[in-house]
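User: I would like to learn how to read the metal sites and the packing in a model. Please take me through them one feature at a time.

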Amino acid sequence: MGSTGQNAWKLADHPKLPKGKTVAMVVLDGWGEAKPDEYNCIHTAPEKWRLIKAHGTAVGLPSEDDMGNSEVGHNALGAGRIFAQGAKLVDLALASGKIYDGDGFKYIKECFDNGTLHLIGLLSDGGVHSRLDQLQLLLKGAVDNGAKRIRVHILTDGRDVLDGSSIGFVETLEKDLSNLREKGFDAQIASGGGRMYVTMDRYENDWDVVKRGWDAQVLGEAPYKFRNAVEAVKKLREEPKANDQYLPPFVIVDESGNPVGPIKDGDAVVTFNFRADRMVMLAKALEYEDFDKFDRVRVPKVHYAGMLQYDGELKLPGHYLVSPPEIDRTSGEYLVHNGVRTFACSETVKFGHVTFFWNGNRSGYFNQELEEYVEIPSDVGITFNVQPKMKAKEIAEKARDAILSGKFDQVRVNLPNGDMVGHTGDIEATIVACKVADDAVKMIIDAIEQVGGIFVITADHGNAEDMVKRDKSGKPLLDKNGNLQILTSHTLQPVPIAIGGPGLAPGARFRNDVPHRWTCQCSCNCDESSWI
Ligand SMILES: O=C(O)[C@H](O)COP(=O)(O)O
Ligand SMILES: [Mn+2]
Ligand SMILES: [Mn+2]
């Protein structure tokens, strides 16, 4: 990357990689490397590649216990640099107390005397979109700063954490809220639902998901009503037998059956997820005056702040508690400044990964004359184990056509299968998903062969390579009923990276002078001397 100042965007020629060769950049979402046993859905893949770290501090996360995720993975790949990510920035702002001095907090505080503070977000310690300990600190900070009436609207997880763990998270939150009530604050859970069915859609795949949340959170209307949230989660897991990710929406009602926490004029609202993609749609519904995605019925006049600003280009939301990482000078921006033509493609559920996240959480094009972004509509209203092939073939065909057209210098895609099917916890379906992604990679490599180009194949984090929770020795764990504990989340595993194609100069190798954190951390037999 160039330095700042004059001519800062000019890219120098690479000493080894030839100019003018089409480059295919493929991100295999949720595709890590782990011991090949029957819970590793990837080990049938044709070859071993180099491994790089994709979790923890290597990608800007607070600790080495933080698994990688799409946001941080694509941010790092797209920017070529590592930034302290939202999770870390929120930790710092909460620890120093600076969050309470910021404009965003002052803005919501204006409602504390006469209104209710509503907190909406994902309730788990997954650390991908949000964290329970941050919510707990925020609750404490809010009452210390004058909030008297608080309603929490929870979204249950089971995707970044084990399915069934929601009950424990809700119990913990209930205990905190009951402690606050003992101190004279009016604090309660007001509504809830599973993250994949209520509120947390992304990239406008299915607005019905956001509408279900709106109805419960804002209007106080839902098909299920309970007196408390622990009971709600327990009962809904039994009947209609929903898992944490897909719990139907519910509202908590008082002894007369009235919802305890609809959002009203004069209230304050905070969406406490730090990660952007699955909060942008709700932010639009809360913030936009002109909005036609669903009938909001009632649009309360509230002071709304995001934990972070979720979209730097749309400036959405306008108010936020913590400033997002300033991911600047991304590769996409460099490429357009140097006249390099780019084609980016995925299906809806990952489309923003190769555009929005890749470009540093910025929506839209840098230069539409040099860039073409193609979104293939994802299937809606299904869990992807039912359709594990997803749109991998269609994505690969688009990439192939873009490569063969000669119109693009970089063709970049995300193949979602390993990740999206891995999150369902369905091992059989995830094996199919990996095979399909593998075929898609082959189609892209074949096209690169034809045009004499170069390919770079990698992943943003692990997922499908380990589908079971293990003890410290690596043995799969069983639950109290003797059933395998299926791992629906990402992993801490390294990911492969491969570079090749006829356009690559003979003898081009992985560099060996990059900081250690980018080199292999596993116990495989990689020859580190040949690393980029
Ligand atoms: O949002 C999701 O689907 C998961 O929480 C994380 O998956 P991703 O980081 O691969 O999108
Ligand atoms: Mn991902
Ligand atoms: Mn994922």
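User: What distance separates the manganese ion (ligand 3) from the manganese ion (ligand 2)?

Analyst: The two ions are 4.2 Å apart. This is a predicted model, in which local features need pLDDT of at least 70 and side-chain atom pairs count only at pLDDT 80 or more, while totals for chains, interfaces and linings use all residues. Residues are numbered from 1 along each chain as its sequence is written, chains are lettered from A and ligands numbered from 1 in the order written, and side-chain values use heavy atoms, without hydrogens and water.

User: Which residues coordinate the manganese ion (ligand 2)?

Analyst: Donors are N, O and S atoms within 2.8 Å of the metal (3.2 Å for Na, K and Ca); water is not among the atoms, so sites may look incomplete. Here D29 (OD), S70 (OG), D460 (OD) and H461 (NE2) coordinate the ion at 1.9 to 2.2 Å. Their spacing along the chain is D-x40-S-x389-D-H. D29 sits in the loop between strand 1 (23-28) and strand 2 (50-52), and D460 in the loop between strand 14 (454-459) and strand 15 (495-500), so the pair ties together parts 431 residues apart in sequence. Strands (E, at least two residues) and helices (H or I, at least four) are DSSP runs numbered from the N terminus.

User: And which are the protein donors of the manganese ion (ligand 3)?

Analyst: They are D419 (OD), D419 (OD), H423 (NE2) and H490 (NE2), lying 2.1 to 2.4 Å from the ion. The donor residues follow the spacing D-x3-H-x66-H.

User: Are D419 and H423 buried or exposed?

Analyst: Buried means under 20% relative accessible area, exposed over 50%, and partly exposed in between (1.4 Å probe, protein chains only). Both D419 and H423 are buried, and D29 and D460 are buried as well.

User: Why does D160 count as buried?

Analyst: D160 counts as buried because its relative accessibility is 6%. D160 lies in the loop between strand 4 (149-156) and helix 5 (166-182). Contact means heavy atoms within 4.5 Å; leaving out residues up to four places away in sequence, D160 touches residues including H423, S489 and R195. The side chains of D160 and R195 are also joined by a polar contact of 3.0 Å. A polar contact is a pair of N or O atoms within 3.5 Å; within protein, one must be able to donate a hydrogen and the other to accept it, and residues adjacent in sequence count only if both atoms are side-chain atoms.
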